[in-house]
Amino acid sequence: MRSGFFAGFLLATVSAAAAFAQGAPIKLANVAELSGGGATVGNNWKNGIDLAIEEINAKGGLLGRKLEVTHADSQSNPGVARAQVQKALDSEPYVLLGPGYSGSVKVTAPLAAEAGIAQIMGGEAAELTQGGNKFLFRTSFGQQSSMPKVAKYINDELKAKSVAIVWVNNDFGKGGRDVITKEFAKYNIKVAADISTEAGQADFAADVSKIKAAAPDAVFVYVNEEESARMLKELKRQAITVPLMGETTLVGQKVVELAGDAANGARGHVGLTTDAPVDLIKAFREKFVKKYNYVPDHNGLKGYLAIYMIKATTEKMGKVDAKAFADNLHGLTIKAASEPGILMDVTFDEKGDIDRQGFLVEIVDGKQVVKQVLPKLN
Amino acid sequence: MSNLLDLLVAGLATGAIYALVAVGFMLLWQTSQTINFAQGEFVMLPAFLMLAVMHAGAPFWLAIILGILLSLLLLGLGFKLLLVDPMLRHGVLPLAIATMALAIGMKEAVKQFFSAEASPFPSIVPAGDVSILGRVVSLQSLGVLALAIAVVIGLTALLNRTSVGHQMQATAQNPTVARIIGVPVERMILLTFLINAFLVALASLLITPIYLAKFSSGEILGQAAFIAAIVGGFNQVRGAIAGGLLIGVVDNLSAAYVSTQYRAAVPLILLIVIILFRPQGLLGRPEERTV
């Protein structure tokens, strides 16, 4: 009789625990650049995450469970990012989100891999996914995907024979500079000036003077958003009139807001833009503006997509399994028709890189205008 | 050569702003023994005060006036009454440390109440170019330079050619004797704080369109002003001016001809050399206090 009572009690306890686990929120951890030089990146990323989670929870959650996220500030500092990621992993999240800066991703990725937790991040440096880390996933193109398109555009459309490269001296900037230099060599484009700048740099007068002295046919600018804005202002101040080409960080919404008229004419390849001629992206933009009262840049899209990557992968698995998550995301194609939150069809390869359509844009009257749509490869 | 002209103009324009900040830095030290390590943040804050006024719907010109008035109130009167007066009686060092704490507090407050992200800030000098010696030179650079020089000339005239200026000099050189001969020392010290507040507000107005309004933008400016004041001469207005201009030019030339990575180191090397071989600074005088 007594042993029957204990068996019943044990069974009831286990059932209750299982039921509790079934309904318990799914914990996500985000570590991003909420202050410091990358504040634009981190805050857009964070807001995109919060918007997606709010949407999914409003529709009943993921497999019936609510999503819950904690946000930690890396202060745009790789050292702080590493400490924050370690702290986040100690709380055993389902998936780790962020950081956005490549340098911070580089130092935090081994921690997540060691814990066996998938890390969905915003970094774009080519090397991040080249080291065989099976737990790291991009939300945007890596430099190895985007730079060849930029070099081709400079050669085919701008017909430039010499280019000044301005890059930021960190993992992101060095990675981009190395890839684009190799691509320029393929087209016999001469590097007229190779100018490294510092993260957080305020004064670009000397750098622009060097560009002026080199007299290139075009300038390729590859620095972070705030520095891009300062650089564009200085280029205008010193009356540089040659075409300005860059990547997402040159033609993002925040850059346009900060640089004002100086941003007009700047062109760039963007993997994600809220000005894309895609209905789902237009709808996302409306929702974001309604909630936050500003137009997001590509980082807002990245954060939003990261959450829908988690949703699509988990629904494919049919269970919440942190250890199996990465394996299931590799090789996965998510169609926007079946998961509208993913906005555009996307495929993840074995390295965690993505294949998706991209855009070539130009800033006209303070707005991004899509000049070309570059289709998904596979 | 043409590149050198561009660099000189850009360097002088930035240097002129450093000079404004350095002069304020030097004035505070001379009259009240205040080493203000929050001087960079003092330059950062007025831009945000002006932006706050503009966000409330005021036009730019009104935001400038209100921003300067608020700066005089907060960074002049408030700084003196709430921080300097209570701390100074404990010595120069506790006060210096208190200003470091103030710098952190100001940065965090702006980050908390405004944003951690940079914000655009309009320029009072119109965009455009003029041709000088066959070179296209930015009107903004020239405008910033001209305005900063005009203010420095005005300040120098105030100090050297007016009764108030002479009383300020007397206060700086020997407050006890100044008091005996009837100089209102306390009022002169307060005036110095107000002048510093005006200078940093002006510097903020000139530099923020270039650097953008950001909570951390004072870090670079504070360091540059500190170096400029020491290099030029900590006890002379003309020294602080020369130091500011020199640091601006050296910074630009080193970025162009040495390397961007080491640009921040070159002014510091200059500082060390000056301290070793001419401790009173380029235009300073040994053991003399004057404004």
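In chain A, a set of residues in helix 2, namely A:Asn44, A:Asn47, A:Gly48, A:Asp50, A:Leu51, A:Glu54 and A:Glu55, meets A:Phe284, A:Lys287, A:Phe288, A:Lys291 and A:Tyr292 in helix 11, where contact means heavy atoms within 4.5 Å. Helices here are DSSP runs of H or I with at least four residues, and strands are runs of E with at least two, both numbered from the N terminus. By class, this contact of helix 2 of chain A with helix 11 of chain A has 4 nonpolar, 3 polar and 5 charged residues; Ala, Val, Leu, Ile, Met, Phe, Trp, Tyr, Cys and Pro count as nonpolar, Asp, Glu, Lys and Arg as charged, and the others, Gly among them, as polar.

This is a predicted model, in which local features need pLDDT of at least 70 and side-chain atom pairs count only at pLDDT 80 or more, while totals for chains, interfaces and linings use all residues. Residues are numbered from 1 along each chain as its sequence is written, chains are lettered from A and ligands numbered from 1 in the order in which they are written, and side-chain values use heavy atoms, with hydrogens and water left out.

Two packed helices are described by the angle between their axes and the distance between the axes. For helix 2 (residues 39–58) and helix 11 (residues 279–292) of chain A, the angle is about 105° and the axes are 11 Å apart; axes are lines fitted to C-alpha atoms, for helices over the stretch in contact, and angles run from 0 to 180 degrees between N-to-C directions. Helix 2 of chain A and helix 11 of chain A are therefore roughly perpendicular to each other, given that angles under 35 degrees count as roughly parallel, over 145 as roughly antiparallel, 65 to 115 as roughly perpendicular and the rest as oblique.

The loop between strand 10 (267–270) and helix 11 of chain A holds A:Ala276, which counts as buried at 0% relative accessibility; buried means under 20% relative accessible area, exposed over 50% and partly exposed in between, with a 1.4 Å probe and protein chains only. Leaving aside neighbours within four places in sequence, A:Ala276 is in contact with A:Ile281, A:Lys282, A:Phe359 and A:Val370. Between A:Ala276 and A:Leu360 there are 84 residues of separation in sequence and 9.8 Å in space, C-alpha to C-alpha. Another buried residue of chain A is A:Lys302, with a relative accessible area of 2%, which lies in helix 12 (residues 298–317) and touches A:Trp45, A:Gly122, A:Glu124, A:Thr139, A:Ser140 and A:Leu272, not counting residues up to four places away in sequence.

Most residues other than glycine have a negative phi, and most peptide bonds are trans. Against that background, A:Ser76 has a positive phi near 60°; A:Ser76 sits in the loop between strand 2 (67–73) and helix 3 (78–90) of chain A and counts as buried at 15% relative accessibility. Phi of A:Leu343 is likewise positive, near 70°, and this residue, in the loop between strand 11 (333–334) and strand 12 (346–348) of chain A, is buried at 5% relative accessibility. A cis peptide bond, with omega about -5°, joins A:Gly98 and A:Pro99, and A:Pro99 is placed in the loop between strand 3 (95–97) and helix 4 (102–115) of chain A.

Turning to chain B, the axes of helix 9 (residues 218–232) and helix 11 (residues 265–277) come within 9 Å and cross at roughly 30°, which makes helix 9 of chain B roughly parallel to helix 11 of chain B. The contact is made by B:Gln223, B:Ile227, B:Ile230 and B:Val231 of helix 9 and B:Pro267, B:Leu268, B:Leu270, B:Leu271, B:Ile274 and B:Ile275 of helix 11, and by class it has 9 nonpolar, 1 polar and no charged residues.

Helix 3 and helix 8 (residues 185–211) of chain B pack at an angle of about 140°, with their axes 8 Å apart, which makes helix 3 of chain B oblique to helix 8 of chain B. The residues of this contact divide into 17 nonpolar, 2 polar and 2 charged.

In helix 4 of chain B, the buried residues are B:Leu95, B:Ala96, B:Ala98, B:Thr99, B:Ala103, B:Met106, B:Lys107 and B:Val110, and they pack against helix 2 (39–55), helix 3 (60–88) and helix 9 of chain B.
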